[in-house]
Structure formats: structure tokens, C-alpha cells
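Hi there,

Here is the structure I promised to pass on to you. Have a look at it first, and then read on for what turned up.

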Amino acid sequence: MQKTYYVPYMLKQYNKLFCQTVSYRKYGLDEGFPGLNVYSIAQYKDGFLWFGTEAGLSRFNGKHFKNYTIIDGLPDNEILKIFVDSKNKVWLLPYTNKIAFIQSGILHTSNNDPLLSKIKLSRPIYQIAENKDVDIGFIDETSIYVISDNKKIHINKFKNLELLSRPKL
């Protein structure tokens with residue numbers, strides 16, 4: 001007696017049991033997204049997504065975009081980095097050498113925040129981070145700027161710039 005195996009049929013049926021249809025939705029200019037290039041994304045504690053684009057900052061609540069530009073007080077429309085700290089401040093690093101943040105729906109810049117007005121940057125900021133003491137640090141090519149929890153600014157200059165320079169080719 002010859003045995004018959006229906007392996008292809010069984011695999012096809014097995015595949016139907018565990019197959020999922022991938023679902024996605026495209027968001028663009030027609031849906032209210034401000035630009036075509038996204039430089040940075042961060043998620044706020046409440047689940048909102050923040051996008052830094054070449055045309056401004058955008059907050060997405062899952063259905064609608066709320067867009068911010070220089071008209072709303074941003075130092076620049078190009079937002080290169082976004083960072084959400086443990087106190088739910090949304091820190092913004094625009095293309096210009098400025099720092100800004102949004103807290104409780106209010107945009108803080110060097111024009112309206114006394115602490116930020118003390119930070120004079122001559123170079124672009126490359127990174128932003130928070131330490132265990134909830135201090136916020138910014139780094140550029142020559143310095144680390146730290147805004148401490150007690151609202152003081154500390155600036156540490158690098159002593160050996162050769163370590164930070166790019167290798168010669």
C-alpha cells in the first residue's frame with residue numbers, strides 16, 4: 001500500500017492560520033504633516049509622537065498633527081534633534097545654534113526663557129542627554145553644556161581637542 005502525503009496542501013493551510021496582514025497608514029503633506037524629511041522622532045509620556053522636520057516641529061496624537069514653525073516662536077524651522085526628558089520637557093535642537101524646549105504646551109526659547117538666554121552657542125549641538133541626577137547635557141565640538149536641576153548652567157570646555165578632531169586623510 002502506497003502512502004500519500006499532502007505536504008504542500010498542509011503547509012498552505014498552516015500558513016493561513018498564522019499569517020497576518022501588515023497594516024500601515026501613510027501620512028504626508030495632504031494629511032497635515034509639515035515636511036518631507038524627518039530628522040528626529042521622540043515619543044512623549046502621553047503617547048504623542050514628536051517629529052523634527054525641515055519645515056518645523058510636529059506633534060501627532062494618532063489622528064491629527066499639530067505643527068509649529070517660526071511663526072509660533074521656534075528659533076528655526078529645521079528641527080534636527082528632539083529629546084524628551086524625565087520631566088516631560090520636549091527639548092529641541094534646531095539647525096541654528098539655539099536650544100529650545102516645550103513644557104506644558106509652552107515653547108521656551110532664548111527670547112523668553114532667562115536660563116536659555118544665558119547659553120551662547122557658536123557651534124552646532126551634536127547630542128543631548130539626561131543623567132541620573134536629571135541634569136540635561138548638550139555637547140558640541142568643544143564643550144559640554146549642563147543645565148542642572150537647580151537651574152544653573154555649567155560649561156565644560158574640552159582640554160585636548162586633538163582627541164575630538166577628525167582623523168587626517
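Leaving aside its neighbours within four places in sequence, which residues is asparagine 88 in contact with? They are Tyr44, Lys45 and Ile102, where contact means heavy atoms within 4.5 Å.

Before the rest, a word on the basis. This is a predicted model, so local features need pLDDT of at least 70 and side-chain atom pairs count only at pLDDT 80 or more, while totals for chains, interfaces and linings use all residues. Residues are numbered from 1 along each chain as its sequence is written, and side-chain values use heavy atoms, with hydrogens and water left out.

**Overall layout**

The protein has two helices and 12 strands; helices (H or I, at least four residues) and strands (E, at least two) are DSSP runs, numbered from the N terminus. Along the sequence they come in the order α-β-β-β-β-β-β-β-β-α-β-β-β-β. Of the 169 residues, 32% are buried. Here buried means under 20% relative accessible area, exposed over 50%, and partly exposed in between, with a 1.4 Å probe and protein chains only. Of the contacts between residues at least 6 apart in sequence, 29% join residues at least 24 apart.

**Two residues to look at**

Back to asparagine 88: it sits in the loop between strand E5 (79–84) and strand E6 (90–94), and its relative accessible area of 16% makes it buried. Isoleucine 155, in strand E12 (residues 153–157), is partly exposed at 44% relative accessibility. Setting aside neighbours within four places in sequence, isoleucine 155 is in contact with Ser143, Ile144 and Tyr145.

**Aromatic pairs**

The whole structure holds six aromatic pairs. Rings of Phe, Tyr and Trp (its six-membered ring) pair if their centres lie within 6.5 Å; planes under 30 degrees apart count as stacked, over 60 as edge-to-face and the rest as tilted. Tryptophan 50 and tyrosine 68 are stacked, because their ring centres are 6.0 Å apart and their planes meet at 25°. Tryptophan 50 is in strand E2 (residues 49–53) and tyrosine 68 in strand E4 (residues 65–68), so this pair ties together parts that are 18 residues apart in sequence. Tryptophan 50 is buried at 4% relative accessible area, and tyrosine 68 is buried at 13%.

Tryptophan 91 and phenylalanine 138 make an edge-to-face pair, 5.5 Å centre to centre with 65° between the planes. This pair links distant parts of the chain, with tryptophan 91 in strand E6 and phenylalanine 138 in strand E10 (residues 136–139), 47 residues apart. Both count as buried: tryptophan 91 at 2% relative accessibility and phenylalanine 138 at 1%. There is also one aromatic cluster formed by Phe33, Phe51, Phe60 and Phe65.

**The largest pocket**

The largest pocket contains about 190 Å³ of space. On a 1 Å grid over the protein atoms alone, a pocket is an open set of points where a 1.4 Å probe fits, with protein on both sides within 12 Å along at least five of seven lines; lining residues have an atom within 4 Å of a point. Of its 15 lining residues, Lys89, Trp91, Ile147, Ser148 and Lys151 are the closest to the centre.

Definitions and conventions
Grid points are joined across faces, edges and corners, and a volume is the space filled by probe spheres set on the points.
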